[in-house]
Amino acid sequence: DNEKAFTEERSKKMQPIIQKEMDAVDAVSKEGAYVYIIDTQAAQQGNIFINTSLSEDVTAKVKAKLGI
C-alpha cells in the first residue's frame, strides 16, 4: 500500500533529523541543568498551562546547537 510505504520512508528519512534535534535538546538541558524542556506548542495542544514568567525559553540555545 502506497500510504504505508510513504509513511515508512518518511519516518526513515526523518529519524536522523529528529535524533539530531533530541541530541541538541539533551545537550542544552545538561549544560543548563534543566530538569524539563517542554515544547510549549505541544503542551498547549495537550491543555497544559506553562507559566512563562517562571520559565526560560531555550529555543535560541537549541538552535545554536543545531547551527541554525
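User: What do buried, exposed and partly exposed stand for?

Analyst: Buried is the word for under 20% relative accessible area, exposed for over 50%, and partly exposed for values in between, with a 1.4 Å probe and protein chains only. The model is predicted: local features need pLDDT of at least 70, side-chain atom pairs count only at pLDDT 80 or more, and totals for chains, interfaces and linings use all residues. Residues are numbered from 1 along each chain as its sequence is written, and side-chain values use heavy atoms, without hydrogens and water.

User: Which class does Leu66 belong to, and why?

Analyst: Leu66 has a relative accessible area of 22%. This value lies between 20% and 50%, so Leu66 is partly exposed.

User: Which residues does Leu66 touch, leaving out those up to four places away in sequence?

Analyst: With that exclusion, Leu66 touches Lys20, Glu21 and Ala24; contact means heavy atoms within 4.5 Å.

User: How many helices and strands does the protein have, and what makes a run count as one?

Analyst: The protein has three helices and zero strands. A helix is a DSSP run of H or I with at least four residues, and a strand is a run of E with at least two, numbered from the N terminus. Leu66 is found in helix H3, residues 59-66, and Ser29 in helix H1.

User: How does the radius of gyration of the protein stand against that of a compact globule?

Analyst: The radius of gyration is taken over C-alpha atoms, and the globule rule is 2.2 Å times the number of residues to the power 0.38. For 68 residues, a compact globule would be near 11 Å, but the protein has 15 Å.

User: Which classes make up the lining of the largest pocket?

Analyst: The lining has 13 nonpolar, five polar and five charged residues. Ala, Val, Leu, Ile, Met, Phe, Trp, Tyr, Cys and Pro count as nonpolar, Asp, Glu, Lys and Arg as charged, and the others, Gly among them, as polar.
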